[in-house]
Amino acid sequence: MLKEALFYEKLKNKLVKCKLCPRGCVIKPNGYGNCNVRKNVDGKLYSMVYAKPVSIAFDPVEKKPLFHFLPGERALSIATVGCNFHCVYCQNWEISQAKPNEVPFSLVYPEEIVKKAKIHECKIISYTYTEPTVFYEYMLDIAKLAKKEKIKNTTVTNAFINKEPLKRLCKFLDASNIDFKGPEKHYQELCGGWRKPVEEAIKIMYENKVWIELTYLIIPGHNDKEKDIRETVKWIKENLSVEVPLHFTAFYPAYKMLDKEATKPETVIKARKIAIKLGLKYVYTGNIIDEEGSTTYCPECKKPLVKRTAFYSVENKIVDGKCPYCNTKIAGVWK
Ligand code: SF4
Ligand code: SF4
Ligand SMILES: [Zn+2]
C-alpha cells in the first residue's frame, strides 16, 4: 500500500522535496530519499512502508530504556525498515538500512495494531528498533487511535526530525527515549547526520511535556572522553533539567564496527559517576551488569526506590510519584 507523505513540497519537473527530516531530500521521479523508504512516484511523495511492519514484539518498557515511565508495563513494539541515519555501529542495521521489500513484512493496519495492544493488555505502544520518523504517517495514524483508547505512545528515536512534524506528533506522544550520540564530529563521522536539529528536537519534546529519557552509547575512542561526558551533562543542565534521566550504555561490535572492542563496564560506571557528581539526579548504566546503575535512588535521602534486573522492574517502592521515606517527588510518569 502506498500512502502519500505528509510533509513535502512539489517542485518543477516532477521533483519533490521531503520536509520530514533535516536532510530535506530533493527526489527525482522514481527515486527514493536518503532513508530508502520515501519514493517520488510521478511527482508525488509516498511512504513505501505504511502498514508494513517488519517487527512486532512485546517488550518490557524498561528495555527501551524508559525507567521512569510506567515501570513493569509491557510495550507493543513496532518497526518498519528504514532510517535517516546510517550509524556504522547500528545493532539493527539489517532492518534500519534495508529498503522496502528487502525484509519480509506483514500488512498490519493501524486499527489492528491498537487491537493487538488491547488483546495483549499493553498500555504502551513503542515505535522503535529502526527510526520511527521515517515511518511517520503509519506511526501518527496508530498514535491517534491509541490515544483514543488511552494507550500511551512512545518512541525510541535519533530525534533527527523537523520541527513541524515533531510538534504534530507531540500531541499524541507520551514518552520518548532519545539517542544523544555525542559531539558534532560523532554525528558526522559515525552516523552520517548532524547534531543541531537533534538538540532542537529534544528541546521541543521537553517543552511539549513529552516524558523524555536520553541514551548515550559510549564508543571507545569516539565519545568516551571525560570532556564528552561533561559537555553532555552541561547541555542537559542548560537546556533541559537535572531531572531528565540519562542512560550510559556499553557498545558491542556490530555492522561496520566489528573491529572495535566492546566498552569496558568500568568506563560506563565512571561516566555515570561523573554525571551524578555534576548534578544529574537519575543516571543509569545499560548493556552491562551493574545493580547500582540500574536502580533508581531517591535524590534526597538516597534510598533505593526501583530495582531492576534484565530489563524488568522487580521492586518499586515509589508511592504516588514520591519517595515513601522522605516524600520527595520523583520525576516521571508512575501510573
Ligand atoms: S525523511 Fe527520508 S526522504 Fe525525507 S528528508 Fe529525511 S531522509 Fe530524506
Ligand atoms: S539512528 Fe539508530 S536505527 Fe538509525 S542507523 Fe543509527 S543506531 Fe541504527
Ligand atoms: Zn527519599
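# Close-up views of a predicted model

**View 1. An open sheet of eight strands.** Eight strands make up an open sheet with mixed pairing, ordered β7-β8-β9-β10-β11-β12-β13-β14. β7 (55-60) and β14 (283-286) stand at its edges, each with a single partner strand, so one side of each has no neighbour in the sheet. From one strand to the next, the twist averages 20°. Strands here are DSSP runs of E with at least two residues, helices are runs of H or I with at least four, and both are numbered from the N terminus. Two strands count as paired if DSSP finds at least two bridges between them. Strands of a sheet pair through backbone hydrogen bonds, either parallel or antiparallel.

This is a predicted model: local features need pLDDT of at least 70, side-chain atom pairs count only at pLDDT 80 or more, and totals for chains, interfaces and linings use all residues. Residues are numbered from 1 along each chain as its sequence is written, while chains are lettered from A and ligands numbered from 1 in the order in which they are written.

**View 2. The β12-β13 pair.** β12 and β13 pair in the parallel sense over five bridges. Which residue in β13 is the bridge partner of tyrosine 216? Phenylalanine 248 is that partner.

View 3. α7 (residues 226-239) has 14 residues. From first C-alpha to last, α7 reaches 20 Å, close to the 20 Å expected at 1.5 Å a residue; the expected span is 1.5 Å times one less than the number of residues. Ile229, Thr232, Val233 and Ile236 of α7 are buried. They cover an arc of only 95° around the axis, which puts them on the same side of α7; the arc is taken from the directions between the helix axis and the C-beta atoms. On the other side, Lys227, Lys234 and Glu238 are exposed. Buried means 20 or more other C-beta atoms within 10 Å of a residue's own, exposed means 12 or fewer, and partly exposed lies in between, with C-beta atoms placed from the backbone. The cover over the buried residues of α7 includes β12 (211-218), β13 (246-250) and α8 (265-277).

View 4. α2 (residues 110-119) lies across β8 (74-79) and β9 (124-127). The helix runs at about 155° to β8. Axes are lines fitted to C-alpha atoms, for helices over the stretch in contact, and angles run from 0 to 180 degrees between N-to-C directions.

**View 5. Serine 55 in β7.** Serine 55 sits in strand β7. With 17 C-beta neighbours inside 10 Å, serine 55 counts as partly exposed. Leaving aside neighbours within four places in sequence, serine 55 is in contact with Ile78, Ala79, Ile95 and Tyr129; contact means C-beta atoms, placed from the backbone, within 7 Å.

View 6. Most residues other than glycine have a negative phi, and most peptide bonds are trans. A cis peptide bond joins lysine 64 and proline 65, with omega about -5°. Proline 65 is in the loop between β7 and β8. Lysine 150 has a positive phi, near 65°. Its loop runs between α3 (136-148) and β10 (152-157). Lysine 209 also has a phi near 65°, and is in the loop between α6 (196-207) and β12. Lysine 209 is exposed, with 10 other C-beta atoms within 10 Å.

Terms used. Contact = placed C-beta atoms within 7 Å.
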